[in-house]
Amino acid sequence: MNPNPIKLFIVEDDPDWIKAMTVFLNREADLLVVGAAVSREEAVRLAGELEFDVALMDICLTPGRLDGIYAAMELLDERPQAKVIMLTSLEDEAVVTKAFTAGAVQYVVKTEYRTLPQTIRSAKRERNPLESLLKEFARLKREEQLSPLTGAERELFELLEEGYTGPQMRRKLFKAESTLKNQVNKLLKKLKVKSGKEAVEKVRRRGLVPDEPETKSGGTDRSEESRG
């Protein structure tokens, strides 16, 4: 067995498909499946725990939703050096484009799974010429999202993005509670969101994929914290 195999993380909502692909991929001497997840939430949690080189990410982890695209973004936040290959049964050019702008370096239609080993090797060992272009495109889209903000508002947004609580922001910026509250409200209005958490998620998505039907609740709303 190869002493330094390419470590794989499979994210797919069908456990039977995971089992079949694990057997298929582990037959390759230089590939090793080290973990699997069946949901976006599990994928993000395990991404912070597992050591892997390439993630195989199903685009639709929930029927009718492109939540694999959001999961890819979050996974790459945890493991920026990892490569993501999107798995899809949809040969839809618009969906594939969204997958690339989320950070994927390649995609494979599930019925063509036999091409996966070589695609994985290419993703791991070869620099994809699209990567630098996509990163620059993502940076420009981020700047476009933040362009309406003043310097002070941008500083405030960056603190929200870094996870500062309201009291921490007041101490960092030397601002009174009422002043900070007003600035947060103006920031949210400019970004057309209702909370600090929504603001961060919107900019992280870089305006490249449609909003999800419903954002998950969880954690403390940063803008609420800034009010108390």
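**Figure 1. Surroundings of leucine 187 in the predicted model.** When neighbours within four places in sequence are left aside, leucine 187 is in contact with Leu149, Glu153, Leu156, Phe157 and Leu160. The model shown here and in the other views is a predicted one. Leucine 187 itself belongs to helix H9, which covers residues 177-191, and it counts as buried because its relative accessibility is 0%, where buried means under 20%. One of the residues it touches is Leu156; leucine 187 and leucine 156 are 31 residues apart in sequence, and their C-alpha atoms are 8.2 Å apart in space.

**Figure 2. The contact of helix H7 with helix H9.** The axes of H7 and H9 come within 10 Å and cross at roughly 90 degrees, which makes H7 roughly perpendicular to H9, since angles of 65 to 115 degrees are counted that way. On the H7 side the contact involves Glu153, Leu156, Phe157 and Leu160, and these meet Leu180, Gln183, Val184, Lys186, Leu187, Lys190 and Leu191 of H9. Sorted by class, the residues of this contact are 7 nonpolar, 1 polar and 3 charged.

**Figure 3. The contact of helix H7 with helix H8.** Helix H7 (residues 151-161) also meets helix H8 (residues 166-173), and here the two axes come within 11 Å and cross at roughly 140 degrees. H7 and H8 are therefore oblique to each other, as an angle has to be over 145 degrees to count as roughly antiparallel. The crossing in which H7 passes H8 is right-handed. From H7 the residues Glu155, Leu156, Leu159 and Leu160 take part, and from H8 their partners are Met169, Lys172 and Leu173. The residues of this contact comprise 5 nonpolar and 2 charged ones, with no polar residue among them.

**Figure 4. The contact of helix H2 with helix H3.** In this view helix H2 (residues 40-47) and helix H3 (residues 67-78) have axes that come within 9 Å and cross at roughly 15 degrees. H2 and H3 are therefore roughly parallel to each other, a description that applies to angles under 35 degrees. H2 passes H3 in a crossing that is right-handed. Arg40, Val44 and Ala47 of H2 make the contact together with Asp67, Tyr70, Ala71, Glu74, Leu75 and Glu78 of H3. By class, the contact of H2 with H3 contains 5 nonpolar and 4 charged residues, and no polar ones.

**Figure 5. Aromatic rings that pair in the model.** A pair of aromatic rings is described by how far apart the centres are and by the angle of the planes. Counted in this way, with ring centres within 6.5 Å, the model has 3 aromatic pairs. In one of them, the rings of phenylalanine 24 and tyrosine 113 have centres 5.3 Å apart and planes at 80 degrees, so the pair is edge-to-face. This pair links distant parts of the chain, for phenylalanine 24 lies in helix H1 (residues 15-26), whereas tyrosine 113 lies in the loop between strand E5 (106-109) and helix H5 (116-125), and the two are 89 residues apart. Phenylalanine 24 is buried, with a relative accessible area of 13%, while tyrosine 113 is partly exposed, with a relative accessible area of 25%. Another pair is made by phenylalanine 100 and tyrosine 107, whose ring centres are 6.3 Å apart and whose planes stand at 85 degrees, so this pair is edge-to-face. Phenylalanine 100 counts as buried at 16% relative accessibility, and tyrosine 107 counts as partly exposed at 32% relative accessibility.

Figure 6. Not counting residues up to four places away in sequence, aspartate 30 touches Asn2, Pro5, Ile6, Arg121 and Arg125. The protein chain to which these residues belong has 11 helices and 5 strands, and 44% of its 228 residues count as buried. Among the contacts in the chain that join residues at least 6 apart in sequence, 67% are between residues at least 24 apart.

Terms used:
Residues numbered from 1 in each chain as written. Predicted model: local features only at pLDDT ≥ 70, side-chain atom pairs only at ≥ 80, totals over all residues. Heavy atoms only, no water. Axes fitted to C-alpha atoms, helices over the stretch in contact; angles between N-to-C directions. Helix = DSSP H or I, 4+ residues; strand = E, 2+ residues; numbered from the N terminus. Left-handed = near helix turned anticlockwise from the far one by under 90°. Contact = heavy atoms within 4.5 Å. Nonpolar A, V, L, I, M, F, W, Y, C, P; charged D, E, K, R; others polar. Phe/Tyr/Trp six-rings, centres within 6.5 Å; stacked < 30°, edge-to-face > 60°. Buried < 20%, exposed > 50% of the residue type's maximum accessible area, 1.4 Å probe, protein only.
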